[in-house]
Amino acid sequence: MKKMLFAASEGLPFVKTGGLADVIGSLPQAMKGEGFEVSVVMPLYLKTAKTMHNTLTKVKTFKVDVGIIHTVATIYSKVIDGVTFYLIEHAPYFERDGYYGYGDDGERFAFFSHAVLRIIEEKIVEPDVLHAHDWHVGMLPLLAKTVYAKRIKTPLTLFTIHNLLFQGYFPYDILESCFGLSNDYYFDGRLRFKDGISTMKAGILYSDLVTTVSKTYAHEILTPEFGENMEYVLQLRQADLFGIVNGIDVDLWDPATDDHLAEKFSIKSVTRGKKANKLAIQKELGLREDPDVMLVAMVSRLTDQKGVSLLTQAMHDIMGWDIQVVVLGTGDSWAENELKAIEFRYPRRAVFYCGYNESLAHRIYAGADVLLMPSAFEPCGISQLIAMRYGTLPVVRETGGLKDTVQPYNQFTKEGTGFSFIPMNVNDFKHVLWLALETYTDRKDDFKTLRKQAMAKDVSWQKSAHEYAELIDFRLK
Ligand code: ADP
Ligand code: GLC
């Protein structure tokens with residue numbers, strides 16, 4: 001049986017800050033279904049140490065050389081539904097209140113990358129395929145082929161870009177001091193990016209295969225508009241660059257079995273189920289309890305990527321309509337402040353829950369009528385997939401994975417699973433939201449049809465896992 005090792009900085013059920021954790025918590029399981037023996041390696045963060053430590057099995061402690069730093073890692077494991085998770089413990093690096101954004105992130109993830117390869121060297125896992133995700137582990141393919149070349153059997157390397165905006169940008173001397181490589185990789189330009197180096201660039205250049213999380217984003221990132229100054233590097237690897245759209249864990253996100261909900265529902269009972277869940281979330285959040293008003297939700301990191309400013313700019317106009325708005329999220333302080341002011345100004349009509357709350361997210365997806373994702377760019381997007389599964393129609397901008405997963409409403413054929421717009425401006429955004437409201441109030445049957453079509457859409461990993469397997473099998477031959 002072919003062995004596959006996933007390396008990533010976060011994943012469910014341990015820690016999650018965004019969609020990457022959803023992917024790491026569900027794609028491995030789907031690859032198992034494709035006949036792979038799968039394991040995952042992640043850092044052991046404070047949250048895991050506090051809440052799950054007693055459920056982990058200690059595997060081994062070994063030395064790790066992080067360039068000029070000589071230290072140790074302790075490996076723990078936990079098997080979940082046949083997938084083995086290895087957690088790398090090194091308290092000073094990972095047992096902190098947050099996950100990213102520290103001054104020593106370069107050193108922390110260099111340590112993590114070395115520890116991943118040491119696990120292979122120690123024969124704890126002997127993967128045929130090493131699947132690295134995002135900048136945190138972008139150096140893995142290069143390290144496997146250089147520093148560790150004689151120490152491990154080099155696996156096929158696969159690097160997945162989840163978000164090109166985050167590039168692992170560090171001063172060049174990290175190459176020697178933390179990765180054990182020559183600084184020449186900076187001086188001769190191979191890893192140079194602006195005035196430093198980029199671990200994202202390393203992943204793109206040195207991995208055998210490069211994928212990203214939707215077909216449209218795979219095209220978009222070859223252009224200056226979406227390439228984040230990495231388009232030239234990506235163009236070099238165009239022949240090995242593939243877009244494979246994300247799925248979700250359809251067992252975790254299933255309105256028919258979801259214990260977080262006020263009332264469980266399926267396609268058959270959707271009208272009743274949505275109404276009960278809407279009333280329950282209105283009550284929970286202090287909104288006016290009204291089953292007929294259209295409830296508009298956003299569950300998101302609050303950053304420029306997500307188009308939050310379109311909502312804040314449109315807010316005063318759309319509050320003239322018979323709608324309610326609920327936003328669950330954290331992020332940039334400008335966005336948090338504006339949303340707090342909006343909540344204050346429109347009591348019982350608009351609610352902003354500032355924070356991260358997994359359970360509340362389930363109830364919002366279940367109770368809302370539409371979910372806003374007016375993203376400036378979106379590699380894939382997980383929230384719109386969850387929303388559709390809960391009969392909540394996504395209102396999206398046609399970019400990246402949003403374009404690939406949400407079929408816009410066609411008034412004539414009644415096709416569609418949501419609503420979409422293209423130009424990134426507030427008038428187009430208001431226009432599409434108005435179309436959603438008009439459909440909700442004046443063409444109720446159409447809205448119900450769209451709802452059922454959204455719920456019936458296949459958002460599982462099955463098809464995409466098969467695409468990964470085909471790509472891997474082809475290269476392993
Ligand atoms: P990204 O990874 O860019 O943040 P995605 O749409 O791919 O966007 O994934 C976001 C994931 O994080 C979804 O599962 C969504 O439900 C979840 N999420 C985002 N913000 C919050 C929050 N404040 N509380 C709970 N879950 C959240
Ligand atoms: C990133 C992207 C998001 C994607 C997620 C998982 O966070 O912003 O679009 O869904 O990764 O691939």
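Colleague: What makes Lys-16, Gly-19, Arg-301, Lys-306 and Tyr-365 stand out around ligand 1?

Modeller: Of the 22 residues around ligand 1, they come nearest, where a residue is near a molecule if one of its heavy atoms lies within 4 Å of it. This is a predicted model, in which local features need pLDDT of at least 70 and side-chain atom pairs pLDDT 80 or more, whereas totals for chains, interfaces and linings use all residues. Residues are numbered from 1 along each chain as its sequence is written, chains are lettered from A and ligands numbered from 1 in the order written, and side-chain values use heavy atoms, without hydrogens or water.

Colleague: Why is the pairing of Tyr-365 with ligand 1 called a polar contact?

Modeller: A polar side-chain atom of Tyr-365 lies 2.7 Å from an oxygen atom of ligand 1, and a polar contact is a pair of N or O atoms within 3.5 Å, so the pair qualifies. An N or O atom in the side chain of Arg-301 is likewise 2.7 Å from an oxygen atom of ligand 1, while a polar backbone atom of Asn-357 is 3.0 Å from a nitrogen atom of that ligand.

Colleague: How much of ligand 1 is buried?

Modeller: Taken alone, ligand 1 exposes 560 Å², of which the protein buries 93%; the areas come from the Shrake-Rupley method with a 1.4 Å probe.

Colleague: How do you know where ligand 2 sits?

Modeller: Ligand 2 sits in the largest pocket, because more than half of its atoms lie within 2 Å of the pocket's grid points. A pocket is an open set of points on a 1 Å grid over the protein atoms alone, where a 1.4 Å probe fits, with protein on both sides within 12 Å along at least five of seven lines. The space taken by ligand 1 is also the largest pocket.

Colleague: Which atoms make polar contacts with ligand 2?

Modeller: Among them, a polar backbone atom of Cys-380 is 3.0 Å from an oxygen atom of ligand 2, and a polar side-chain atom of Gln-305 lies 3.2 Å from an oxygen atom of ligand 2. Ligand 2 alone exposes 310 Å², and the protein buries 92% of that.

Colleague: Why is ligand 2 placed in relation to domain 1 and domain 2 as it is?

Modeller: Domain 1 (3-247 + 462-476) and domain 2 (267-456) both give residues to its shell, so ligand 2 lies between them; the bounds come from an automatic or database domain assignment. The shell around ligand 1 draws at least three residues from each of these domains.

Terms used:
Polar contact = N/O pair within 3.5 Å; in protein donor to acceptor, adjacent residues only side chain to side chain. 1 Å grid on protein atoms, 1.4 Å probe; cavity = no way out; pocket = protein on both sides within 12 Å on 5 of 7 lines; lining within 4 Å.
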